[in-house]
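This report looks at how the parts of one protein chain are arranged. Please have the sequence and the model open while reading.

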Amino acid sequence: MSNLRVAITTGGGDAPGLNAVIRAVVKTGMSRFNMEFIGIEDGFEGLINTRRITKLNRDAVRGILPKGGTILGTTNRGNPFEYEIKSPDGEKRVVDLSDRCMENFESLELDALIAIGGDGTQHISQRFFEKGMPVIGVPKTIDNDLLATDVTFGFNTAVTVATEAIDRLHTTAESHRRTMVLEVMGRDAGWIALEAGISGGADLILIPEIAYDLDEALRFIKRRYARGSNFSIAVVAEAAKNKPHPDDEVHRRRTTDTPGTWFAEMVRKHLSVDVRQITLGHLQRGGSPTTLDRMLGTRFGVRAAELVAEKGFGRMVALNGTQIVDVPIEDAVGRQKFVNPDGQLVRTAESLGIYCGRPMG
Ligand code: F6P
């Protein structure tokens, strides 16, 4: 029997399904491989300071499956290789604390680390692996923009929350004959906007992968009003881009507008219709994971525990079609997955008459 001592950490922004991974790793590791677990709190911060650890056993993971967030805490700061330190006089310097982490890893008598996180966390994991730390990666982001895996857990919950928001906006928009502009997350990619927009029956979906023409988007809304559709719902990704427009120059230089607030402002200014803007923000990340995210997190967790037992270090679990596979972390980092403007999803939206930033036929 193995008796391996394994640490688990969660880094980067939280995503619904993280606790499902932790639970599956611990249950699988304990029952099938006789492993022992500790949790490292707040991502790699907890490895810099070894007092930030917690015991993980069956009791610790009981009842956490439906819980959002992460029982281990997380942070999207604190890269040990480029750690920012502030001296008492307020001066900042960047230091490399990775050796300290390696020493702490040794002193905790660990045999492996399972790092659950997005691209930033996996990048750090790879650097530790190159320094000799036995690391297994588990990918995570609500944005679903990691190329190495078909889907990340957290994405389905985010899309579900955004879809429900669109459903709710429909009834109030229709009652007041308003244009509603809903801004959704997606730091670089438009997956949440596109899938929620299609599922919620939005009229316009603006994503960073297709730079839209403001005048064209406004004409689209105007035509809807002219045809008797007395309301419109626009879903705008937080990274949406418009083609250069004179209003863009004047407006954005003066304000801190986001793509959603700016688009709402332009509709108000140019169409003289009643407009409301909503930014969904972290509501998309909080709360209980959907069944799909619980399933994916659980499957990732089981495979991560198996990989530790197989000593498949330097590898990351991933979904390929319907199968959980594993890929080198090295090949996974820094490779993003974007919406294909000419792909099936955009075509699906456009077939339904949704304006996605291109002239409608
Ligand atoms: O990457 C996940 C994500 O939720 C993005 O959609 C968003 O841009 C960002 O994180 C927000 O991060 P923070 O936790 O710093 O607010």
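Which residue in strand 13 does Arg-315 stand opposite? The residue is Pro-328. The model is a predicted one.

## The hairpin

Arg-315 and Pro-328 face each other in a pairing of strand 12 (residues 315-320) with strand 13 (residues 323-328). The two strands run antiparallel and are joined by six bridges.

Two residues lie between strand 12 and strand 13, and together the strands make a hairpin. In the turn, Gly-321 has a positive phi of about 70°.

## Domain layout

## The interface between the domains

Where the domains meet, eight residues of domain 1 are in contact with nine residues of domain 2. The area buried between domain 1 and domain 2 is about 790 Å², with 49% of it on carbon and sulfur atoms. Of the part that domain 1 buries against domain 2, Asp-14, Ile-142 and Asp-143 supply 54%, more than any other three residues.

Asp-14 also takes part in a salt bridge: its side chain meets that of Arg-285 at 2.9 Å, N to O. The count of salt bridges between domain 1 and domain 2 is one. Two residue pairs are in polar contact between the domains. By class, the side of domain 1 that touches domain 2 has three charged, three polar and two nonpolar residues.

Note on methods
Residues numbered from 1 in each chain as written. Predicted model: local features only at pLDDT ≥ 70, side-chain atom pairs only at ≥ 80, totals over all residues. Heavy atoms only, no water. Contact = heavy atoms within 4.5 Å. Buried area = accessible area lost by both parts, 1.4 Å probe. Salt bridge = Lys/Arg side-chain N within 4 Å of Asp/Glu carboxyl O. Polar contact = N/O pair within 3.5 Å; in protein donor to acceptor, adjacent residues only side chain to side chain. Nonpolar A, V, L, I, M, F, W, Y, C, P; charged D, E, K, R; others polar. Pairing = 2+ DSSP bridges. Helix = DSSP H or I, 4+ residues; strand = E, 2+ residues; numbered from the N terminus.
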